[in-house]
Structure formats: C-alpha cells, structure tokens
Amino acid sequence: MSMISGIQGQLLEVTVVCCNKLKDTEWISRQDPYVCLEYGSTKFRTRTCTDGGKNPTFQEKFVFTLIEGLREINVVVWNSNTLTYNDFIGSGKIQLQKVLSMGYDDTAWPIQTKTGRHAGEVRLIMFYANANNPATSYAPSYTAPQPHTPMYSAPSYAAAYQTPSPYPEYPPHSAAYPPTPYPPPQTTAYPPVYPPPSAYPPMSYPPHSAYPHASYPPPTQDYSYPPGPYPPRPY
C-alpha cells in the first residue's frame with residue numbers, strides 16, 4: 001500500500017539548476033543547451049544557455065499541478081541552432097516518489113542518447129509542501145559555537161601559592177661581597193707621557209740665498225778640428 005495519496009491538484013515546484021558533462025554536439029563552436037520538462041500535458045522550457053557547452057547553468061523554477069497516478073517527469077536536453085534544426089542531446093525520466101514522501105529532493109538525474117548511451121546529467125531541486133513525512137530541514141545548517149562564559153570566576157592561586165625552589169637563596173651581590181678598599185683609579189692624577197706638540201720649539205732652516213753659489217771654471221780643452229788641408233780619403 002502506497003504511503004503517498006491525495007496529490008491530485010497539489011503543486012510541485014521544480015528548479016532546473018544546471019547540467020553536467022553533457023554530450024557535445026558541436027565540432028567547432030560551443031553548444032547552446034536548453035532543457036524541456038513535460039508532465040502530462042504541461043510543458044516547460046528553460047532559456048537557452050548561450051555557449052554553455054557541456055556544463056550549462058539555468059537556475060529556473062517551474063510549478064506543476066500534480067496528477068493522481070502520474071509519478072514521473074520527462075526531461076529532454078537540446079542544443080539550439082540558428083540556421084539548422086536543434087540537436088538532440090539526451091533525455092531521461094524524473095521519479096517523484098522521494099519528493100512526494102519527504103517533500104524535498106535534490107538529485108542529478110542521468111540522461112541518455114537515442115541509442116541508450118550516457119549523455120550527461122540534469123540537476124533538479126524539487127519541493128512539495130504537502131508531503132506525508134516532510135523533512136525537518138532541506139539543507140544542512142551550521143551554527144558556530146559560542147564561547148562559554150563561566151558564571152563564577154576561578155580564583156587565582158598564582159599569588160597565594162608559589163612553588164618552592166630546590167636551590168638555596170643567596171643574598172644580593174652588594175650584600176654578599178664587601179666593597180673593595182682600593183679607590184678607583186683617577187685618570188687625571190698621572191701626567192701625560194708625551195708633551196703636547198707645542199712644547200717643542202719649531203726648527204728653523206736658513207733661506208735658500210744663505211748658501212754660496214758654486215763656481216766652476218770653463219772647459220780649457222778644445223774639441224774642434226784643426227783647419228785643412230786633409231789627405232785624400234782612400235777608396
């Protein structure tokens with residue numbers, strides 16, 4: 001006995017979210033897919049996703065009026081062409097048992113070619129408000145944990161109790177060692193080792209004109225040749 005009854009005239013919301021890994025019918029450019037839904041005599045068509053390729057996105061919602069005894073929706077995906085006929089990509093059947101019983105269904109439904117080969121997936125989100133066993137929530141919700149605030153503040157034991165040290169305590173440096181009896185050395189008590197440069201008298205040198213000029217006699221030897229005649233040069 002079926003747990004689903006009384007669906008005649010009830011409303012079913014179907015959202016076409018997207019398609020995944022569709023069969024590519026174009027050789028050069030990207031294909032332009034669109035989705036058609038058929039339930040009884042009611043038909044809907046999504047917009048064309050231009051250049052959607054293999055993974056088009058639609059996000060379009062449609063409302064069907066349910067028929068008693070009809071528990072599936074036909075889905076067909078086409079590629080839109082401008083000059084020629086549209087290309088058939090794939091088709092499939094959407095089962096309504098889950099959404100009618102639980103009120104919510106988010107599933108990627110497979111489609112096939114005319115020869116029965118896999119042609120991709122169509123993701124649909126369906127909502128039925130008059131389900132017999134509605135789900136409490138349709139999407140997982142997450143609430144961040146709040147930081148815990150204690151009602152009573154814990155007493156601080158750090159100041160009241162201190163861990164004893166295993167090593168004996170020693171007095172400070174100034175109390176453990178008496179001051180030295182020797183006064184600190186005075187830098188100004190000792191005279192400088194070398195007098196300043198001004199203590200030495202400057203050295204004076206006689207001017208250049210004080211020295212006599214050295215005089216040398218002119219050369220006496222005559223290096224000139226005596227006058228001729230000269231003997232003829234032998235050949």
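## Worked exercises

D51 has a relative accessible area of 44% and is therefore partly exposed, given that buried means under 20%, exposed means over 50% and partly exposed lies in between (1.4 Å probe, protein chains only). The model is predicted: local features need pLDDT of at least 70, side-chain atom pairs count only at pLDDT 80 or more, and totals for chains, interfaces and linings use all residues. Residues are numbered from 1 along each chain as its sequence is written, and side-chain values use heavy atoms, with hydrogens and water left out.

**Exercise 1.** Describe the order of helices and strands in the protein chain, and state what share of its residues is buried.

*Solution.* Begin with the count, which is two helices and eight strands for the protein chain; these are DSSP runs numbered from the N terminus, helices being H or I over at least four residues and strands being E over at least two. Read from the N terminus, the elements follow the order β-β-β-β-β-β-α-β-β-α. Turning to burial, 23% of the 235 residues in the protein chain are buried. Finally, the protein chain exposes about 19400 Å², of which carbon and sulfur atoms supply 60%; such areas come from the Shrake-Rupley method with a 1.4 Å probe, and for residues only the protein chains shown count as cover.

**Exercise 2.** Find the mean pLDDT of the protein chain, and then say over which residues pLDDT stays under 50.

*Solution.* The quantity pLDDT is the predictor's confidence in each residue, on a scale from 0 to 100. Its mean over the protein chain is 76, with 55% of the residues reaching 70 or more. Over residues 139-161 pLDDT stays under 50, and for that stretch the model has zero contacts beyond four places in sequence, a contact meaning heavy atoms within 4.5 Å.

**Exercise 3.** Work out which strands are joined to β8, and in which direction they run.

*Solution.* Two strands pair if DSSP finds at least two bridges between them. On one side of the problem, strand β1 (residues 11-20) is joined by seven bridges to strand β8 (residues 118-127), and the two run antiparallel; here V14 has M126 in β8 as its bridge partner. Next, strand β7 (residues 104-112) is joined to β8 by nine bridges, again with an antiparallel course, and Q112 has H118 in β8 as its partner. Five residues lie between β7 and β8, which form a hairpin, and G116 in the turn has a positive phi of about 90°.

**Exercise 4.** Decide whether T113 is buried or exposed, and list its contacts away from its sequence neighbours.

*Solution.* First locate T113, which is in the loop between β7 and β8. Its relative accessibility is 14%, so T113 counts as buried. Leaving aside neighbours within four places in sequence, T113 is in contact with K23, F88, I89 and A119. The side chains of T113 and T115 are also joined by a polar contact of 3.1 Å, the term standing for a pair of N or O atoms within 3.5 Å, where within protein one must be able to donate a hydrogen and the other to accept it, and residues adjacent in sequence count only if both atoms are side-chain atoms.

**Exercise 5.** Explain how F44 is paired with F62 and with F64.

*Solution.* The structure holds four aromatic pairs, in which rings of Phe, Tyr and Trp (its six-membered ring) have centres within 6.5 Å, with planes under 30 degrees apart counted as stacked, over 60 as edge-to-face and the rest as tilted. F44 and F62 are stacked, at 5.0 Å centre to centre and 25° between the planes. Because F44 lies in strand β3 and F62 in strand β4, this pair ties together parts 18 residues apart in sequence. F44 is partly exposed at 25%, whereas F62 is buried at 10%. The ring centres of F44 and F64 are 4.9 Å apart with planes at 85°, so that pair is edge-to-face. F64, in strand β4, is 20 residues from F44 and, at 0% relative accessibility, is buried. Ring pairs link Y39, F44, F62 and F64 into a cluster.
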